[in-house]
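Work through the exercises below with the coordinates open. Try each task before reading its solution.

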Amino acid sequence: MKLRPVSTVEALADALRTRVLSGDLAPGTSLPEQEISDTYGVARPTVREALAALVHEGLLRRERNRSAYVPEITTSDLVDLMYVRGPLEELMAEALYGHRVPDAEAALTRLEALPPDEPWAEVVAEHMAFHQALIVAVGSPRLERLYAALAAETRLGLVRLRAVYRERAELVAEHRDLLAAIERGPAEAARRAVREHLEWRS
């Protein structure tokens, strides 16, 4: 298998993405182009492109006459996010109950296998991969698009889970229980498991 070359822009975007999703760059942190250029030893046009990519992903925000910055996802934001995700994931549970979802199982296996010192961004990635696998398994392009619209805020919200799940095993166990409830059914039990899973814990 050939490896795709990674441009300097992509490498910088990956580095900044990891820092945002690991919580190293706290909400409200500004990312001035010159400061990033000096820190990483790259030209400002490269910084501008990398920041633009993360703004497009929703991981950074940019306003007129202000540097790009890490947006803050408040507790109210998270409660509202779960309120909107709930019906979408209950639709998923209704469609999938009684069936195995191998891609979701694989994401959990990868999550469990991450080293203890792995950046939290990798935990976020596998966590997202788990939920995305469930949504994709439904086979509804419109459900996928609706869910994807929440992806950036969901990823930023997962940064805060680092303080909730101090033990990786607890995070894995909770998701294994959710997956088991969906695969076991019946429909109402699967939907109830989703509702309980999405209850925000501060």
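A residue counts as exposed when its relative accessible area is over 50%, and as buried when that area is under 20%. The model in these exercises is predicted.

**Exercise 1. Classify Asp 24 as buried or exposed, and locate it.**

Step 1. Find the element. Asp 24 lies in the loop between α1 (8–21) and β1 (30–31).
Step 2. Take the relative accessible area, which is 52% for Asp 24.
Step 3. Apply the cut-off: exposed means over 50%. Asp 24 is therefore exposed.

**Exercise 2. Describe the surroundings of Glu 33.**

Step 1. Glu 33 belongs to helix α2 (residues 33–40).
Step 2. Check accessibility. Its relative accessible area is 11%, so Glu 33 is buried.
Step 3. List the neighbours. Leaving out residues up to four places away in sequence, Glu 33 touches Arg 44, Val 47, Arg 48, Leu 51 and Arg 62.
Step 4. Look for a polar partner. The side chains of Glu 33 and Arg 44 are joined by a polar contact of 3.2 Å.

**Exercise 3. Characterise the packing of α4 against α8.**

Step 1. A packed helix pair is described by the angle between the axes and the distance between them.
Step 2. Read them off. Helix α4 (residues 75–96) packs on helix α8 (residues 151–164) at about 125°, and their axes are 11 Å apart.
Step 3. Classify the angle. Roughly perpendicular ends at 115 degrees and roughly antiparallel begins over 145. The two helices, α4 and α8, are therefore oblique to each other.
Step 4. Assign the hand. The crossing of α4 past α8 is left-handed.
Step 5. Name the residues that meet. From α4 come Thr 75, Leu 78, Leu 81 and Arg 85; from α8 come Glu 153, Thr 154, Gly 157 and Arg 160.
Step 6. Sort them. The contact of α4 with α8 has two nonpolar, three polar and three charged residues.

**Exercise 4. Examine the backbone at Asn 65 and at Pro 186.**

Step 1. Start with Asn 65, in the loop between α3 (44–57) and β2 (68–69). Its phi is near 60°, a positive value in a residue other than glycine.
Step 2. Asn 65 is exposed, because its relative accessible area is 79%.
Step 3. Move to Pro 186, in the loop between α9 (168–184) and α10 (187–197).
Step 4. Read omega. For the peptide bond from Gly 185 to Pro 186, omega is near -5°, and the bond is cis.

Conventions: Residues are numbered from 1 along each chain as its sequence is written. This is a predicted model: local features need pLDDT of at least 70, side-chain atom pairs count only at pLDDT 80 or more; totals for chains, interfaces and linings use all residues. Side-chain values use heavy atoms; hydrogens and water are left out. Axes are lines fitted to C-alpha atoms, for helices over the stretch in contact, and angles run from 0 to 180 degrees between N-to-C directions. Helices (H or I, at least four residues) and strands (E, at least two) are DSSP runs, numbered from the N terminus. Angles under 35 degrees count as roughly parallel, over 145 as roughly antiparallel, 65 to 115 as roughly perpendicular and the rest as oblique. A crossing is left-handed if the near helix is turned anticlockwise from the far one by less than a right angle, and right-handed if clockwise. Contact means heavy atoms within 4.5 Å. Ala, Val, Leu, Ile, Met, Phe, Trp, Tyr, Cys and Pro count as nonpolar, Asp, Glu, Lys and Arg as charged, and the others, Gly among them, as polar. Buried means under 20% relative accessible area, exposed over 50%, partly exposed in between (1.4 Å probe, protein chains only). A polar contact is a pair of N or O atoms within 3.5 Å; within protein, one must be able to donate a hydrogen and the other to accept it, and residues adjacent in sequence count only if both atoms are side-chain atoms.
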